[in-house]
Amino acid sequence: MIEGMEIKDLVMIGAVILGPVLAVQSQKIIESARDKKNRRLKIFQTLMATRASRVSIDHVAALNMIDIEFYGRRIFGVRIQTRKEKAVTNAWKNYNNQLNTQYTPEQFVVWVDGCFNLFAKLLYEMSKTLGYDFDEVQIKRDCYMPIAHGDLEQDQLRLRKMLLEVLAGSRGVPITQFSEESSATESPSSEHS
């Protein structure tokens, strides 16, 4: 012991030195947890906002971040996941597996239905992890997508496929020849002039 100092003095000196260090470390832990929750929340919000448009770039990017943000923690080289994190990553694995399953045209409706249900399960598990009180039915049904958006996506898909067929040489481009004679007979305004 240092001369003239009692144990309580040493404890006080230790507390004065360690107090600010522990406070800073505690603040860093709190900020890290808040940042992690915000990143998870952003993924969830993006998936909820784009659930009617699952081929959008933002939707796909959010899906691909699930493995990272719900990974859990590494403690001494061992991966530790909470039960809720595990439920999210398992739901994502099941949905991802369904998305990557090959199907025939006859199986398309069953495949889409499977995707729909597994995606709803994924959102449900994420909502529980983030403290939301959604149920799977609410996630499936409370979604708005104007018919025009669906039509636009289908038209773009058809146009893209046709263009690829033209570029591959398996489809020709229809060409219509116009002549002055045919344009004059088809135009109602030319008859009255």
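Visitor: In which helix is Glu69 placed?

Guide: Glu69 has its place in helix 2. Please keep in mind that this is a predicted model.

Visitor: Is Glu69 buried or exposed?

Guide: The general idea is to compare the relative accessible area with a cut-off, and buried means under 20%. Glu69 has a relative accessible area of 7%, so Glu69 is buried.

Visitor: Which residues does Glu69 touch?

Guide: Leaving aside residues up to four places away in sequence, Glu69 touches Lys36, Arg39, Arg40 and Ile43.

Visitor: Which other residues of helix 2 are buried?

Guide: Besides Glu69, the buried residues of helix 2 are His59, Ala62, Leu63 and Ile66. The partners against which the buried residues of helix 2 pack are helix 1 (7-49), helix 3 and helix 4.

Visitor: What covers the buried residues of helix 3?

Guide: The cover includes helix 1, helix 2, strand 2 and helix 4. The residues in question are Glu85, Val88, Thr89, Ala91, Trp92, Tyr95 and Gln98, which are buried in helix 3.

Visitor: Which residues does Ile66 touch?

Guide: Ile66 lies in helix 2 and, at 0% relative accessibility, counts as buried. Not counting residues up to four places away in sequence, Ile66 touches Ile43, Leu47, Tyr71, Val88, Trp92, Leu122 and Met126. Two of these, Val88 and Trp92, are among the buried residues of helix 3.

Visitor: How many residues apart along the chain are Ile66 and Phe44?

Guide: Ile66 and Phe44 are 22 residues apart along the chain, and their C-alpha atoms are separated by 9.3 Å. A second case is Asp58, also placed in helix 2: Asp58 and Ile43 are 15 residues apart in sequence and 9.3 Å apart in space, C-alpha to C-alpha.

Visitor: Why does Asp58 count as exposed?

Guide: The cut-off for exposed is over 50%. Asp58 counts as exposed because its relative accessibility is 52%.

Visitor: Which elements make up the secondary structure of the protein chain?

Guide: There are 8 helices and 2 strands. Read from the N terminus on, their order is α-α-β-β-α-α-α-α-α-α. Of the 193 residues in the chain, 20% count as buried.

Visitor: What may be learned from phi in the case of Phe76?

Guide: Most residues other than glycine have a negative phi. Phe76 has a phi near 55°, which is a positive value in a residue other than glycine. Phe76 is found in the loop between strand 1 (73-75) and strand 2 (78-80), and with a relative accessible area of 84% Phe76 is exposed.

Visitor: How many aromatic pairs are there?

Guide: One looks for rings whose centres lie within 6.5 Å; by this rule there are 8 aromatic pairs. One of them, Tyr132 with Phe134, is stacked, at 5.4 Å centre to centre and 10° between the planes. Tyr132 is partly exposed, with a relative accessible area of 34%, and Phe134 counts as partly exposed at 23% relative accessibility. Together with Phe44, Tyr132 and Phe134 form one aromatic cluster.

Visitor: What is the volume of the largest pocket?

Guide: Rolling a probe the size of a water molecule over the atoms shows where empty space is left. Here the largest pocket has a volume of about 1200 Å³. Its lining consists of 33 residues, and those nearest its centre are Arg54, Val55, Phe108, Trp111 and Glu153. Two or more lining residues are given by helix 2 (57-69), helix 3 (83-99), helix 4 (108-129), helix 5 (136-141) and helix 6 (147-168).

Visitor: Which helix gives the most to this lining?

Guide: Helix 4 gives the most, with 9 residues. Sorted by class, the lining has 19 nonpolar, 6 polar and 8 charged residues.

How values were computed:
Residues are numbered from 1 along each chain as its sequence is written. This is a predicted model: local features need pLDDT of at least 70, side-chain atom pairs count only at pLDDT 80 or more; totals for chains, interfaces and linings use all residues. Side-chain values use heavy atoms; hydrogens and water are left out. On a 1 Å grid over the protein atoms alone, a cavity is a set of points where a 1.4 Å probe fits but cannot get out, and a pocket is an open set with protein on both sides within 12 Å along at least five of seven lines; lining residues have an atom within 4 Å of a point. Grid points are joined across faces, edges and corners, and a volume is the space filled by probe spheres set on the points. Helices (H or I, at least four residues) and strands (E, at least two) are DSSP runs, numbered from the N terminus. Ala, Val, Leu, Ile, Met, Phe, Trp, Tyr, Cys and Pro count as nonpolar, Asp, Glu, Lys and Arg as charged, and the others, Gly among them, as polar. Buried means under 20% relative accessible area, exposed over 50%, partly exposed in between (1.4 Å probe, protein chains only). Contact means heavy atoms within 4.5 Å. Rings of Phe, Tyr and Trp (its six-membered ring) pair if their centres lie within 6.5 Å; planes under 30 degrees apart count as stacked, over 60 as edge-to-face and the rest as tilted.
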